[in-house]
Amino acid sequence: MASLDDGTVVIAFDLYGTILDEQSIAEKLAEYIGQDQAKAVAGLWRRYQTESTWRLNSMKKYLPLSTVTIRALKRALADSSTSLEQTAIDSLMEAYDSLHTFPDVASALERLSSNSKYNAVVFSNGTQTMVSNSVNHSPDLKPHSSVFKQIIVVGECEKFKPATEVYELLAKKVGKEHDMSQVWLVSGNPFDIVGARNMGMQAAWVDRAGKGWTDELIEGDAGKPTLIASDLGYLIDAIQKRTAGPLQQEGG
């Protein structure tokens, strides 16, 4: 755990939709239902998965994301007038551990690989098993797994983003609970950005679509990112500039 005054800056990376491209699951879906339908079902799957976490938060209930993900898939298939055998569903869930990273991820993580100033962690709605499998076994992400000093998942507090409890958990796990402004969340999900900013954290939004910030739910700084860039590498560079100057390379 990083301590409050040790000079480190915490960068907490969201996993799904930020590091890993969930739309890449469409490649596996296409093996069963064809490419055109697979893209639509994959989009519904992601939508229902996310909506379900918000619904569970509102109802003060919790299910592991692995369960939520399977149920969201079955709903997406049903709403698309499609069904799959259980063996195919099991295969799709296994493929979830090998999602592709976005094209800008590898070079961005390499920027942090030899930098002792930054404490990079994964911060995810996923279960410990899901996230560990992805970080350590995904062909795209495994070569960079050593960048992450910790995997922090929401199951301990049985809430999902953007509940306040999950950001409190993150701050506690990295030793910054007394000054959340020293924590940078990096996410491609606007609801995650606003959740972190609401708690006083810094937040860097990956706007890969290049459409700009449109979420006006919360007024003022608490309702918008600290930084925005269309490329993850640019965001890392910007965070480095905002957090006390040049990189300190280990051994240099």
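The dialogue below asks how labels given to this predicted model follow from its values.

User: What should I know about numbering and confidence before reading the values?
Analyst: Residues are numbered from 1 along each chain as its sequence is written, and side-chain values use heavy atoms, with hydrogens and water left out. This is a predicted model, where local features need pLDDT of at least 70, side-chain atom pairs count only at pLDDT 80 or more, and totals for chains, interfaces and linings use all residues.

User: How do you know that the radius of gyration of the protein chain agrees with a compact globule?
Analyst: The radius is taken over C-alpha atoms, and the globule rule is 2.2 Å times the number of residues to the power 0.38. For 252 residues the rule gives a value near 18 Å; the protein chain has 18 Å, so the two agree. The C-alpha atoms fill a box of roughly 55 × 40 × 35 Å along the principal axes.

User: Why is V154 called buried?
Analyst: Buried means under 20% relative accessible area, exposed over 50%, and partly exposed in between (1.4 Å probe, protein chains only). V154 has 0%, so V154 is buried. V154 sits in the loop between β3 (150–153) and α7. Helices (H or I, at least four residues) and strands (E, at least two) are DSSP runs, numbered from the N terminus.

User: What does V154 touch, leaving out residues up to four places away in sequence?
Analyst: Contact means heavy atoms within 4.5 Å. The partners of V154 include Y62, F123, N125, F160 and L169.

User: Why does Q49 count as buried?
Analyst: Q49 has 3% relative accessibility, so Q49 counts as buried. Q49 lies in helix α2. Beyond four places in sequence, Q49 touches E22, L65, V68, T69, A72 and Y96.

User: Which label does K60 get, buried or exposed?
Analyst: K60 has a relative accessible area of 72%, so K60 is exposed. Its place is the loop between α2 and α3 (65–79). Phi of K60 is near 55°, a positive value in a residue other than glycine.

User: What makes E158 partly exposed?
Analyst: Its relative accessible area is 48%, so E158 is partly exposed. E158 is in the loop between β3 and α7, and its phi is near 55°, positive in a residue other than glycine.

User: Where is the cis peptide bond?
Analyst: The bond from K161 to P162 is cis, with omega near 5°. P162 lies in the loop between β3 and α7. Most residues other than glycine have a negative phi, and most peptide bonds are trans.

User: What makes helix α8 mostly covered?
Analyst: In α8 (residues 190–198), 7 of the 9 residues are buried. They are F191, D192, I193, V194, G195, A196 and R197. Their cover includes α2 (35–58), α7 (164–173), β4 (183–187) and β5 (202–206). Just after α8, G200 takes a positive phi of about 90°.

User: What is the largest nonpolar core?
Analyst: A nonpolar core is a set of buried Ala, Val, Leu, Ile, Met, Phe, Trp, Tyr and Cys residues joined through side-chain atoms within 4.5 Å. The largest one has 77 residues. Those with the most contacts inside it are F13, Y16, W45, F123, L170 and V186. Leaving aside neighbours within four places in sequence, the contacts of Y16 include R46, L65, Y96, L99, M130 and N189. In soluble globular proteins, nonpolar side chains tend to be buried together.

User: How many of the residues of the protein chain count as buried?
Analyst: Of the 252 residues, 52% count as buried.
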